[in-house]
Amino acid sequence: MEKEFLESGLNINRRHFLGKAALGFGSAALGSLMIPDLLNGGSGSENELPLGFTHFAPKAKRIIFLFQNGAPSQLESFDYKPLLNEMYDQDLPESVRGNQRVTGMTANQERFPLVGSQFGFKQYGQSGTWVSDIFPNIAKITDDICVIKTIHTEAINHDPALTFFQTGAQVGNRPSMGSWLSYGLGSENKNLPAFCVLLSKGRGNGQGVYSKLWTNGFLDSVHQGVQFSASEDPILYLNNPDGHSQEDRRKMLDNLASLNEMSYKDFGDPEIHTKIQQYEMAFRMQTAVPDVTDISKEPDHIVKMYGSDCMVPGTYASNCLLARKLSEAGVRFVQLYHQGWDQHGSLAQEMPLQAEDVDRASAALITDLKQRGLLDETLVIWGGEFGRTNYCQGKLTKENYGRDHHPRCYSMWMAGGGVKAGISYGETDEFGYNIVKDPVHIHDLHATILHLMGLDHEKLTYKYLGRRFRLTDVHGKVVPGIIA
Amino acid sequence: MSCKDGGTDTTSLKVPDKVDFNFHVRPILSDKCFACHGPDANARQADLRLDTEEGAFTPLKDYNNQFPFVKGKPEESIAFLKMTTSDTAEMMPPPEFNVHLNDYEIKVIEKWIRQGAEYKPHWAFIPPEKAALPKVKDKDWVKNEIDYFVLDKLEEVGLAPNEVSDKAYLLKRVAFDLTGLPPTLEMQEAFLADDSEDAYEKMVDQLLSNKHYGEKMAVHWLDLARYADSHGYQDDGYRTMWPWRDWVIHAFNENYSYDRMVTWQLAGDLIPDQNIETQLATGFNRNHKITQEGGVIDEEYRIEYVTDRTNTLGKTFLGLTMECAKCHDHKYDPISQEEYFSTFAFFDKVPEKGIVGTIDASFADPPFIKITNEMKEEILTFINNRDTGYVDVMVMKDSVGIRDTHVLDRGNYDAKAKVVTFGTPEAIMEFDTTRFESNRLGLANWLLSEDNPLTARVFVNRIWMEFFTRGIVKTVGDFGMQGDLPTHPELLDWLAVDFRENGWDIKRLVKQIVTSATYTQSAVVTKKHLKKDPENNYLARMHRSRMKAETIRDMVLASSGLLNPEIGGPSVKPYQPDGMWEVASSGRGTLEKYVQDHGNDLYRRGIYTFIKRTVPPPVMLTFDASSRDQCEEKRHSTNTPLQALVMLNDPTVLEASRVLAERLNAEQISDEERVEKAFRSIICRPVKEPEQKLLMDYLAEQKATFKEDPTKAVEYISVGEYPIIENRDEVAVAALMQVIHTIYNMEESIVKS
């Protein structure tokens, strides 16, 4: 009955809830942002929803997902394949490639010449984790992270692969991972959205992002990811207009509440009280959000740790710092997207720039969380939508090369939140083309992430157009090997 | 137990005296059993199917002449025993399925078996018939046929309808429902002063012939048709489908019959008397997303587009979740995978490619029509002729013999199985090739055939939703086994048949609805309502409902006098916070940067706001608009703090407040009259005394505040690009603007009461 309990709990009778909450405007407002079905749902049981309800004890409470948009090469980051250097410019054996379909970009290429990393690899930490030279800071935290070398996916193009990673389906307006968690667990902070989205761009060849990646799909739209911006308004229209102070706003809202109360007397519609509460919550957000997004008061040692870029709004470093602050304040799911990892050509030039932009801040985030005692309850995820080919796309020279999209294997890392620290999980063959041990499909990763958050991926469902949907569709197996 | 999708929580229900298969039993069996014992032959377990009568009374495999159900004898019905056992090895559904029957459900099945275990065909697949109008007690209340059915239910459950709505509220409701715009002050005054018997009907007729009616009606259709101004994938380049959007508005305004709308949109290129307009209408099936991502596999995406059309056909015209049958037989409804691809075949003969070129290769991929100025002047006169040149619009076209259509194993584009011919799901209605041509025109005729049980029902249900917030069948996109049952089945059928028999006349249907006593009753919610019918299933009151995203914008612009009432033309880009497109863009394509429009284009209706699919207009999304990613049959209606922030701080609302304040201040009237007029313009009813007092006190206080700090007044009124009125009194304008802005933020402003 657990699932049904969850469903019914989430769809708690709005009027019942408001019947109690309408007495004080403050108390019910949290519901709207937190579990909006509460305020908008149709029918439901009379059960009060236990907030933060999980199927079993969670290992992590919050997630920060550092999405590397465009697909960073595993062969220049975490999956060390010296054979590719030895076999420089030799053809990828047919037996290795098998029946793998290739993108339209290399389908017409006459040959598939192998190419190894231009950058050196070393082993780090007690774990002896291999990391390439362009990620010197991540190299220092290897004992805190779990590198998974055997992620595999289905799509071979950016849009469907990104969509698949974020929503569990290549096409279709399915809810994003963060929306599912918002739906399942709500927010820990009544003045902040449960699901926040931060965007940044790197210096490499970029691929756009799309709001469907943080869509609520068929879930209530309050589970939609709220995009934060680097402009003066961190959230859409957060700031009061010029010439209108927060005291003026207070006065306006008091008058508004009185007017709306008059309407309530005429109509008796509980929705009017909900509206009053939403305005109160908006008012509180106007203070709460700038408090969180203000990084100007961060101490020097923190700025130093993330790098001076972190003081420039809209950079990856700044977003990492902001992610820590949002997460610390109780935001359930902070989703970063950093563009620029699509190295079809000029990999040797672009990849170090990309790495430089993210290496320091990514590592700093882990260290920062650890120092605050938050790493244990925060799951941090780092990686992109697919891997890259072990053969060169375009012209291969000693100085430069490119890599096409590769779905069969690639590397990501996770840290904190119940993940085994200091391990490398899974193995690929010496060509870095196929998985030979412990594959982790995206569906498996989703199942594992939900598991760490205390949710059974088969039980977190939502019925829409006659079918119970899940983040993992009808697939997914929890990967015990990476769970501490 | 409870389900979100408009479903009913059954735990506290009383088991009915007479259990009905369609209304009580099938919803349970469908939800809990059909996934393994239903239409999907490949997923079927133990050779048992419970979705057909034959299956339910066939001896069970591996059981010694025992049956799933035995009429009158639950204790001998193996299926029932399995549902009730506590033995986890025997239990059905198996414990690991996380789907269980609750006590109510078990009691219903038990009683149904005792009463004879009668199977009936699914209600939505039986062609509708006009039932006799029910006998009701309160005949005086009834205005037309709709009311008989509604009142009959109300009397049955012991509720009485509300009083007729106050005239001002009623006018606001019907004006927004028919035109998406507030009634003007003149209309309000005339209507309130008109005591004649047919005052309301005259108003309805006036609104139905208003040129903005088409815009209002088009919005929902654009959601279904997933209309947008960009291609939708990855770099997301520009496309020019807006002439098709203008056609939809035109079709509603000219009251094209629904059969014409269906035929032209599905097969305007195949009808005998086709012309450029009928071809343009087929753009309906080209509004899906198209990729421009370098490196994609052509066929993978071409199949994706045909899939999208097939699924859209299902949701839009049939109210069925066709998409569930692409990878396997449908789990709940009688649609086999082969039937899915037979329907798919109608859309599979287009001479098109999955990818034509990368970003900005094309604003209209082939096949398309070239609309010239000449055509705009001669036939397509409804196209807003602002572009001096031509415009290309994607349309449908068939190339006979271009390719065979195959069943695709598991729906994969490269897993071709058996070749199929044109067809439709047999359980709905046979696609008889002696009656219907084997092409999209045949498909349209099949939809519009008198024997088709779904088309008319699904459409009248949609129209009903436009006025009553939700359909008679709440799941407007799912009339299948998992969908909700109609709250008023006889009414739905009566309306469906009446609609078809009267030439599929949409305005007639709309008029029937808005002139019913049901629609014109007040929206007051009483304690009794909340206790007996909190969801308002029985319609003892009118729904209070929040306006759609587009309508909220239109209300703000129209009430302030800013609205540019122009109809049609290329979409426009109003105010939007800086950087929203740029930060998400790869940096390629003409839509990389948001280049805001100016002047009159800032004040167009919401339906004309440019939709870039990967970054849809943020304010619209905040108010639950569709992202137009795919066919959307129903919008949410949420109530969130982010919406409050928009109404409080969006320059569109602030500018409207400023401009209205300037205009009223320039009039030689008293402050009382100014506040009263602003209130009527926005809330569309006379201000009540306590409201007026509060607002006047607020105005006085604001005047004092701004007088102390005139710089603040100047700052506050410096919003928006609309030219300022010369010689304005800045303090007075700022104070009035503050009051007006408060009125805009009243709950009632964006709600139809």
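Of the 484 residues of chain A, 63% count as buried. A residue is buried if 20 or more other C-beta atoms lie within 10 Å of its own, exposed if 12 or fewer, and partly exposed in between, with C-beta atoms placed from the backbone. This is a predicted model, in which local features need pLDDT of at least 70, side-chain atom pairs count only at pLDDT 80 or more, and totals for chains, interfaces and linings use all residues. Residues are numbered from 1 along each chain as its sequence is written, while chains are lettered from A and ligands numbered from 1 in the order in which they are written.

Chain A has 15 helices and 17 strands. Helices (H or I, at least four residues) and strands (E, at least two) are DSSP runs, numbered from the N terminus. Among contacts in chain A with a separation of 6 or more, 77% join residues 24 or more positions apart. Two residues are in contact if their C-beta atoms, placed from the backbone, lie within 7 Å.

Is E399(A) buried or exposed? E399(A) counts as exposed because it has 8 C-beta neighbours inside 10 Å. E399(A) sits in the loop between β9 (387-392) and β10 (403-406) of chain A. Its C-alpha atom is 46 Å from that of K59(A), 340 residues away along the chain.

Next, the two chains together. In chain A, 80 residues are in contact with 87 residues of chain B. Elements giving two or more residues to this side of chain A include α1 (2-10), α10 (246-267), α11 (270-293) and β16 (462-464). Ala, Val, Leu, Ile, Met, Phe, Trp, Tyr, Cys and Pro count as nonpolar, Asp, Glu, Lys and Arg as charged, and the others, Gly among them, as polar.

Chain B is assigned domain 1 (21-120), domain 2 (213-448) and domain 3 (649-752). Such bounds come from an automatic or database domain assignment. The centres of domain 1 and domain 2 of chain B, taken over C-alpha atoms, are 40 Å apart. Nine residues from domain 1 and seven residues from domain 2 of chain B make the contact.

Chain B also holds a helix pair. The contact takes E145(B), I146(B), F149(B) and V150(B) from α6(B), and E490(B), L491(B) and W494(B) from α19(B). By class, this contact has five nonpolar, no polar and two charged residues.
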